Amino acid sequence: MTAPKKLFIKTYGCQMNVYDSERMAEALGGQGYEQTQVLEEADMILLNTCHIREKAAEKVYSELGRLKPLRDAKPDLKFGVAGCVAQAEGEEIMRRQPAVDLVVGPQSYHRLPEMAAKVEMGEAVLDTDFPAEDKFEHLERRPKARRAPAAFLTVQEGCDKFCAFCVVPYTRGAEVSRPATRVLEEARDLVERGVREVTLLGQNVNAYHGGMTLAGLIRELAKVDGLERIRYTTSHPNDMDDDLINAHGEVDKLMPYLHLPVQSGSNHILKRMNRSHTAESYLKLIERIRAVRPDILMSGDFIVGFPEETEADFEATMELVRQVRYGYAYSFKYSARPGTPAAERKEVPADVADERLQRLQALITQHQREIQDNMVGRELSVLVEKAGRKPGQMLGKSEYLHAVHIEDAQARIGEIARVRIVKGMTNSLTARHL
Ligand code: 5AD
Ligand code: SF4
């Protein structure tokens with residue numbers, strides 16, 4: 001028997017890439033590859049990349065430059081680039097870094113086994129098609145191995161919204177939903193392997209229409225015995241229908257946490273961003289969600305320094321943040337992406353954007369800190385995911401997605417532990433096991 005070949009995957013960017021990396025590892029498993037965490041052991045290094053902002057995309061080239069010398073010690077080592085940079089830049093990657101053997105876009109992962117075989121024969125392979133077939137139907141199923149208690153499950157991919165700043169509609173393509181029957185099958189399979197929480201993933205997950213709506217899918221998933229927690233991300237405000245809002249009040253397994261990006265609090269900027277909602281309609285929506293689930297923890301995304309953003313526009317964003325009080329929020333400086341409509345527009349000076357970003361982040365951190373502090377003394381449920389660094393300490397997530405360290409825990413991995421919060425920090429909470 002020949003020794004298995006080793007595959008090292010480095011994942012950048014969003015949770016969908018995390019899910020895709022798992023599926024790629026499984027697909028290449030059939031080709032004799034075993035995953036390794038040790039770079040030097042690898043026979044193939046695959047970078048699963050992100051193109052959302054310029055910095056994310058450029059990382060790929062610097063990483064490839066750093067990795068290239070590994071081939072001096074191992075001439076047969078292969079380099080692959082997957083993900084959204086692969087889709088957006090295609091052949092350019094091989095031009096800029098000739099060491100790359102394989103470039104594969106997100107819709108072609110099911111063809112990886114054939115591609116790997118060609119690459120092993122010394123061929124350079126590029127595949128950035130948008131094939132008609134559904135890759136998930138052709139991607140090899142996972143082996144029946146135990147899984148960590150919280151898993152991602154992609155249910156929808158791509159986006160038809162075309163926000164003026166965003167590359168996703170170009171890199172991931174048009175919105176496609178996986179059939180609900182397949183999603184339910186995968187969820188049951190995950191549960192059999194120890195999973196208790198699934199996060200349904202989609203670039204526009206609440207536009208899901210795989211034979212039922214997202215609310216319908218959540219209600220079906222809630223019937224799966226052994227599956228205790230359901231989350232979903234990322235959503236667009238315009239796709240939050242009444243049924244989905246009501247599900248937050250009715251489905252116990254649906255966790256009280258919602259990531260609902262707004263991007264800006266200025267109606268002028270929202271219009272220029274092609275967001276097709278206003279600050280008022282967004283706030284109204286949150287009011288409706290909080291009416292059915294008052295304790296829901298809101299999370300969001302913001303872009304500062306979008307072309308034409310004035311100080312007054314930025315102040316409107318600050319005001320919206322003050323009104324919503326996010327438990328988590330991610331804010332980014334606008335980064336012009338080639339091929340998107342906004343890339344043609346005049347940019348806000350970098351120092352102005354930097355300064356606004358700092359102000360926004362300070363406000364968000366202040367709210368986050370206050371919300372975390374308010375958790376002290378409260379009883380929460382924590383899905384225990386792994387052992388902590390200190391002896392006896394376990395680490396997991398609360399229903400609100402806080403990272404929680406449980407001291408002197410008697411809890412096992414996979415258990416949902418009742419805890420009392422004893423200390424709040426900006427990024428995590430400390431708790432006592434009850
Ligand atoms: N520049 C900065 N941030 C961006 N995002 C998407 N495109 C850009 C861009 N060109 C942010 C948005 C989105 C999140 C995933 O990344 O806030 O919700
Ligand atoms: Fe990008 Fe999200 Fe807008 Fe779609 S809805 S274009 S993924 S920011």
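Author: A residue is called near a molecule or strand if one of its heavy atoms lies within 4 Å of that molecule or strand. This is a predicted model, in which local features need pLDDT of at least 70 and side-chain atom pairs count only at pLDDT 80 or more, while totals for chains, interfaces and linings use all residues. Residues are numbered from 1 along each chain as its sequence is written, chains are lettered from A and ligands numbered from 1 in the order in which they are written, and side-chain values use heavy atoms, with hydrogens and water left out.

With that in hand, ligand 2 is surrounded by Cys159, Lys161, Phe162, Cys163, Phe165, Cys166, Val168, Pro169, Asn204, His236 and Arg275. Sorting residues by class (Ala, Val, Leu, Ile, Met, Phe, Trp, Tyr, Cys and Pro count as nonpolar, Asp, Glu, Lys and Arg as charged, and the others, Gly among them, as polar), this shell divides into seven nonpolar, two polar and two charged residues.

Around ligand 1 stand Ile52, Arg53, Phe165, Gln263, Asp301, Ile303, Phe332, Lys333, Tyr334, Ser335 and Arg337, a shell of five nonpolar, two polar and four charged residues. Several polar contacts, meaning pairs of N or O atoms within 3.5 Å, can be followed here. A backbone N or O atom of Phe165 is 3.0 Å from a nitrogen atom of ligand 1, and a polar backbone atom of Ser335 lies 2.8 Å from a nitrogen atom of this ligand, whereas the side chain of Asp301 brings an N or O atom to 2.6 Å from one of its oxygen atoms. Taken alone, ligand 1 exposes 400 Å², of which the protein buries 87%, where accessible areas come from the Shrake-Rupley method with a 1.4 Å probe. Strand 13 (297-304) and strand 14 (328-333) are the elements that give two or more residues to the shell around ligand 1; strands (E, at least two residues) and helices (H or I, at least four) are DSSP runs, numbered from the N terminus.

One member of the ligand 1 shell, Gln263, deserves a separate word. Gln263 sits in the loop between strand 12 (257-259) and helix 12 (267-272), and its phi is near 75°, a positive value in a residue other than glycine. Most residues other than glycine have a negative phi. At 8% relative accessibility Gln263 counts as buried, a term that means under 20% relative accessible area, with exposed over 50% and partly exposed in between (1.4 Å probe, protein chains only).

Note on methods
Polar contact = N/O pair within 3.5 Å; in protein donor to acceptor, adjacent residues only side chain to side chain.
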